[in-house]
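Please open the structure in a viewer and keep the selection tool at hand.

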Amino acid sequence: MRIVLSIATDALAYGMVLFIISIGLSIMMGLMRVVNLAHGAFAMIGGYLASYAIRDLNAPYGLAILIAVIGAIVVSIPFEALLYRRIYRKSDPLIQVLMTIGITFVIIGVVNYIFGPSLKSIPLPNALSGPLDIGFRMVPTHRVFVIACGLITALLLWLLIEKTEFGIKLRASVDHSDMADALGIRTEIIYAVTFALAIGLGAFGGVVGAEILPIEPFYALRYMVTFLVVVSVGGAGSITGALSASLLLGLADTTGKYLAPEFGEFFFYLTVIIIVFLFPRGLFGRSHA
Amino acid sequence: MSDSATPAPPRGLPMIPEASGALAIIGLGAIGYFLFPDDLAFLTRLIGITLLVLSLDLVTGYCGVATLGHAAQFGVAAYAAGIACVRGVTDPIALLGVGLVAGTMMGLISGALITRFRGLPQLVLSIAVGQLVAALANKLSWLTGGSDGLSGITPGKVFGLYGFDMYSRTAFLFSLGVLLIVFVVLSRFVRSPFGLMCRGIKDDDLRARMIGVSIYPRLVVMYGVSGAVAGLGGALTAISTGVVGLDSVSFERSAEVLVMLVLGGAGHLWGALAGALIFQIFEHIVAAANPFHWMMLVGLLLIGIVVFAPRGLIAPVMALATRLARKGDA
């Protein structure tokens, strides 16, 4: 029973971290149809900035998250304007893969040149570092915080996409970009805003998830595949899909690591192969024209 | 890339592509052997990876399959050859055979899974298959040595005559011979009706289906051939270096060979050859100094290639060669 509860908490927290980082990528792939392998690199920038803000500038945790998100978005703007715009929607996946791998390498090189090639810790404030009593059991407060962050992110995104005018334009562009353009929706602005939103969510997830996916020099490369896999399993562009895929893969990975640690990521990828083979568009994906 | 899809039939002398490929490899090999006798171990490793890049070219360049898990074929064959050697099969030719068979099997399995889909599911499946193999190689440590790597591979003499020495002379010449044969066979193979049909599938799979081609079996067979080539590369690497580590099945290896292929130019055997050569020599020099500078350089190079020369470095050279050949005919 103890071990089931431990697995459940860890799997839920891990799944939520995956969700927060991957949902940005998912929206981006649903709208711009770009296989962005550099998404983890922007999450890494967020993590490095937060670590720098807390350890060298003594900023409080909340402010550090804000610095990380805004900083990552600012850094991403030239990449969007100069490179990503070329590969939205039309290029074949190979070109997109190569360009975004190139961007990842450049970011890894530059980040490690500036901040030094070592593991970057993001110290938690006291309120989040101890255990928390949830009635029948003690769980680490940070896990609860991460799970809450994931749920709030999902809720806010759902409100944004379903209930606001921006959401309506976004959905119109996803369904039929050219028609949306013809009806007077400035799709290039929608693209740019979505890109910034995706990067911001990635950076946010990178910071709050740093306890589970530690920020280190090769972070972008190590988790490059993980985030892409979550999106592919869930179906690009779907919040429900990304959430369920994150939780499912989080569960598969955590259970595998608890019960058969020597197998590493075997169960994770076995699950992925089975799901992608059965549902090539992902669990909640839609076919694209 | 479509203008290169139908190479002009060679007029006059037959077998010109095969002969020029063989001459180029012998020439480059001679330069390596006589001018850089101290770097033969590195050059031998380079040849092993070059075979993997050629193999990737068959599926990515000729069939348009985007894959980030091609190291699986290479690594499985390397492990198979290594394990066979440790268990008592020491003849290098037999070990190559083991690698060939293992690579082909792995290629057929991956191909059967990966080529069913196109686009994102295809890419993700290729990654997942590669990672699955890597996780297994780590887990089955009684067989593969796990994270310590498989060591103690001491192959016997080539043809019972030439032993492997510490200067890697035999290993280098042996690898060069394998590369030569593979390159000549492949340059014939890619111009065969089967190879041309694969190009047709890549350029327009709907049209290929309309003229009655069943696509899936062809792609799987091509994957098998590609696996065989990768398997030879893996077995050669295992024989010549004496160790097989987890890096030979890693995601980084898969990504790296894709970079090499695109750098040189996918869809040309010459492009694969040039890309593998240029990339690895630069890596050998720069990465030793600072790995992060190397990553930045590769990243910039990759972005530059995609933006300015999506057909690779070989495209302008090939265009020049074609023009010169036309002028010669006229």
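Select P217(A) first: apart from its neighbours within four places in sequence, P217(A) is in contact (heavy atoms within 4.5 Å) with M44(A), Y48(A), I108(A), N112(A), P117(A), S118(A), L119(A) and F292(B). The residue lies in the loop between α9 and α10 (219-222) of chain A; helices here are DSSP runs of H or I with at least four residues, strands are runs of E with at least two, and both are numbered from the N terminus. P217(A) counts as buried because its relative accessibility is 11%, where buried means under 20% relative accessible area, exposed over 50% and partly exposed in between, with a 1.4 Å probe and protein chains only.

The model is predicted, with local features requiring pLDDT of at least 70 and side-chain atom pairs pLDDT 80 or more, while totals for chains, interfaces and linings use all residues. Residues are numbered from 1 along each chain as its sequence is written, chains are lettered from A and ligands numbered from 1 in the order in which they are written, and side-chain values use heavy atoms, without hydrogens and water.

Turn next to the aromatic rings. Over all chains, 17 aromatic pairs are found; rings of Phe, Tyr and Trp (its six-membered ring) pair if their centres lie within 6.5 Å, and planes under 30 degrees apart count as stacked, over 60 as edge-to-face and the rest as tilted. Select F42(A) and F195(A), an edge-to-face pair at 6.4 Å centre to centre with 80° between the planes. This pair links distant parts of the chain, with F42(A) in helix α2 (residues 39-57) and F195(A) in helix α9 (residues 187-208) of chain A, 153 residues apart.

Y52(A) belongs to helix α2 and F115(A) to helix α4 (residues 93-115) of chain A, 63 residues apart. Y52(A) is partly exposed, at 37% relative accessible area, as is F115(A), at 26%.

For a pair of helices, select α11 (residues 224-234) and α13 (residues 266-278) of chain A, which pack at about 35° with their axes 10 Å apart; axes are lines fitted to C-alpha atoms, for helices over the stretch in contact, and angles run from 0 to 180 degrees between N-to-C directions. Show V225(A), T226(A), V229(A), S232(A) and V233(A) of α11(A), together with F268(A), Y269(A), V272(A), I275(A) and V276(A) of α13(A), which make the contact.

Finish in two loops of chain A. R33(A), in the loop between α1 (2-32) and α2, has a positive phi of about 50° although it is not a glycine. N58(A), in the loop between α2 and α3 (61-87), likewise is not a glycine and has a positive phi of about 55°. N58(A) is exposed, at 65% relative accessibility.
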